[in-house]
Amino acid sequence: MSSYMISVTAADRVGIVYSVTGALLDLGGNVLELSQTVMRGYFTIILEADFPTPRTRDQIVEAIHERGRRFDLQVQVTEIKEPLTEPLVPAGERFILTVLGDDSPGIVHNIAGSLAAHGANIVDLHARVEGSRFSLVMEALIPHDLTPAAIRSELERYGRAHKLEAFVQHENIFAATTEPSPVRLGAALRSQGDSLASH
Amino acid sequence: MHRTEDVLATLSMIRQHKLDVRTVTMGIDLAPCASPDVTVLCDRIRTRLIHYAGRLRAVCRDVESRYGIPIVNRRIAVSPIGRVAAGQKSEGLIAVARTLDEVAAEVEVDLVGGFTALVQKGWTDSERRLIAALPEVLSTTKRVCSSVNVGTTAAGINMDAVAALGHVLLDTAERTRDHDGFGCAKLVIFGNAPNDNPFMAGAFHGAGETDCVINIGVSGPGVVKAAVEDLVAHSPTKPTLGDIAEEIKSTAFRVTRVGELIGREVAARLGVAFGIVDLSLAPTPQVGDSVGEILQAMGVSRLGGPGSTAALALLNDAVKKGGSFASSSVGGLSGAFVAVSEDSALARAVEVGDLTLAKLEAMTAVCSVGLDMIAVPGDTDAETLSALIADEVAIGVINHKTTAVRVIPVPGKKAGERAVFGGLFGEMDILAIHAPGGSTEFVRHGGRIPAPLSSLRN
């Protein structure tokens, strides 16, 4: 058994997913997880695949190039030697960070630096420039021992200096307002209050 | 990952359209505090309020920070003092009011409601004394709010209490003359008062409730107005009123969900029960936070003109529908408040003569409350004020809905002059009362208007 993380990038065309997954199937591979997006006309896919019969990185790259010859694919293959027994990033609560305002070089870099300094891990990020307007929506895990106010005040300070507005809010608020499922608090929070006995 | 569009839509409700949690109201049952000794009674009330509400401010701050949503007011509603302090003389009742006022300041809540009497069918001596003490209480305390329920569909209308309240309003206004009779703004006279109403000034902790409960009042006139304006401006074809109702409904859903989330979290952190979300579109004097502006966005450019009542009915119904899908714990009043002095667009409509007392009364037949924050001439006689109350309560009693009166006779001022209450209470031109003094004998009959027949409804 061999496992690989495979990423493929190319100018977007019809049929790339069909070709890439076909190449893996030819090698007897099975896709375990896959994420794909198209950004400004460029296609990117990242996936994890298992192969019951051991395969080399070169075999996988060659098979994908062969199947996707007409797409000029950029392929990166990384072997997963051992599954991670412990996560390398700290746990935390999921917050949504939003930054809106004037574009200037270095915004993502500086915000990411602030978060890294506080041990907050970015788990999803989408940023876009339209005209001169910059917008960023990010999901980040803020460690339990850090208050959102600490991150918020730092981002607000950075925002004031760069004509940006920054917001830090718990993801529950977005789930509650956009999903029809019942409002739920996390299990940890439900048990947080010391029940006040009748007085 | 949440969709960027969804995140930005929720964010714009908060940052651009003034969505906030208007009130976190802690309801506290004070029945266990009862004692014939007023000192013991007040001590028990103090201890119990601090026990439950001592951490309210800190918890609200934490939750506010976690979600980035402002919690504008923290309040307490207690069991109707008319029952808790039964048997007390006037001095005892006033001592209880002072205790409520002091503890509210101590735990840093801005208002405490529940200096209340429920007298729809009849009144006890204690409740009669409580009503008589209202001018003193409302003029000498800062945070204490009062309500009197004078009628229900099941019981009819207690006209003796209604008659007394006309005098109470005049006395209270006179004692707060230097503030345009502001004491009356802390008194709500109800028909069919809900048991779980967290909205001041009429809030109280009703019978059938638990020891302590967190209720939420969410207010989103700005959000609803923005949604209607956006729909009208950007629809490829002119939206129908059905389309507008759908838009209001889905907006009300999102607003209610915010309230439920915040309420559940505050309750969980305090270790007390979560009660209800009252989704009332309660305005503030700020431009952009007005129920009147929602009606204008729907196309009623002259508030008070024909069509105003229908538009308000559409709005009120759509808000209730959206809220009831969002939460199984919707209660209180949940609809649109037309608090005139607090609503810049309504106050302006009064100023230009479009909105009259008669039209407001008609509109209250389809909205959430009733004649709310309305200034009338200071020389209005007590019986005319009572008749005004009786009319409004009758609308509620006959139509199986809550109605209320919060009317302020402004000492020394006449119709057309300006009454200024300040802060969130706003300001407005004083409205004329049609044919004052014409119902004096009717009010003086007293007694009880019988409960209406529930079959043969029409």
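**Figure 1. The interface between chain B and chain A buries about 3,600 Å² in this predicted model.** Carbon and sulfur atoms give 62% of that buried area. On one side, 35 residues of chain B take part; they are in contact with 41 residues of chain A. Eight residue pairs are in polar contact between chain B and chain A, counting pairs with both residues at pLDDT 80 or more. The side of chain B that touches chain A is built from 16 nonpolar, eight polar and 11 charged residues.

**Figure 2. Helices H1, H2, H3 and H9 of chain B each give two or more residues to the side that touches chain A.** Their spans in chain B are 4–15 for H1, 38–53 for H2, 56–67 for H3 and 241–270 for H9. Which of them gives the most? H9(B) does, with 11 residues.

**Figure 3. One salt bridge links chain B and chain A.** The partners are A:Glu93 and B:Arg66. Their side chains meet at 2.7 Å, N to O. Over all chains, the count comes to 37 salt bridges.

**Figure 4. The largest pocket has a volume of about 590 Å³.** Its lining holds 33 residues. Nearest the centre of the pocket lie B:Arg75, B:Leu111, B:Phe182, B:Leu424 and B:Phe425. By class, the pocket lining has 15 nonpolar, nine polar and nine charged residues.

**Figure 5. The largest cavity has a volume of about 100 Å³.** It is lined by 15 residues. Closest to the cavity centre are B:Val188, B:Phe337, B:Val369, B:Asp372 and B:Arg406. Three strands of chain B each supply at least two lining residues: S6 (187–191), S9 (371–377) and S10 (403–410). Which element provides the largest share? S10(B) does, with three residues. The lining of the largest cavity comprises 11 nonpolar, two polar and two charged residues.

**Figure 6. The second largest cavity has a volume of about 30 Å³.** The search of the whole structure finds two cavities of 30 Å³ or more. Chain B residues line this second one: B:Gly27, B:Ala77, B:Asp196, B:Asn197, B:Pro198, B:Phe204, B:His205, B:Glu209, B:Val213 and B:Asn215. How do these residues divide by class? Four are nonpolar, four polar and two charged.

Definitions and conventions
Residues are numbered from 1 along each chain as its sequence is written. Chains are lettered from A and ligands numbered from 1 in the order in which they are written. This is a predicted model: local features need pLDDT of at least 70, side-chain atom pairs count only at pLDDT 80 or more; totals for chains, interfaces and linings use all residues. Side-chain values use heavy atoms; hydrogens and water are left out. On a 1 Å grid over the protein atoms alone, a cavity is a set of points where a 1.4 Å probe fits but cannot get out, and a pocket is an open set with protein on both sides within 12 Å along at least five of seven lines; lining residues have an atom within 4 Å of a point. Grid points are joined across faces, edges and corners, and a volume is the space filled by probe spheres set on the points. Helices (H or I, at least four residues) and strands (E, at least two) are DSSP runs, numbered from the N terminus. Ala, Val, Leu, Ile, Met, Phe, Trp, Tyr, Cys and Pro count as nonpolar, Asp, Glu, Lys and Arg as charged, and the others, Gly among them, as polar. Contact means heavy atoms within 4.5 Å. Buried area is the accessible area (1.4 Å probe) that two parts lose on being put together, summed over both. A salt bridge is a side-chain nitrogen of Lys or Arg within 4 Å of a carboxyl oxygen of Asp or Glu. A polar contact is a pair of N or O atoms within 3.5 Å; within protein, one must be able to donate a hydrogen and the other to accept it, and residues adjacent in sequence count only if both atoms are side-chain atoms.
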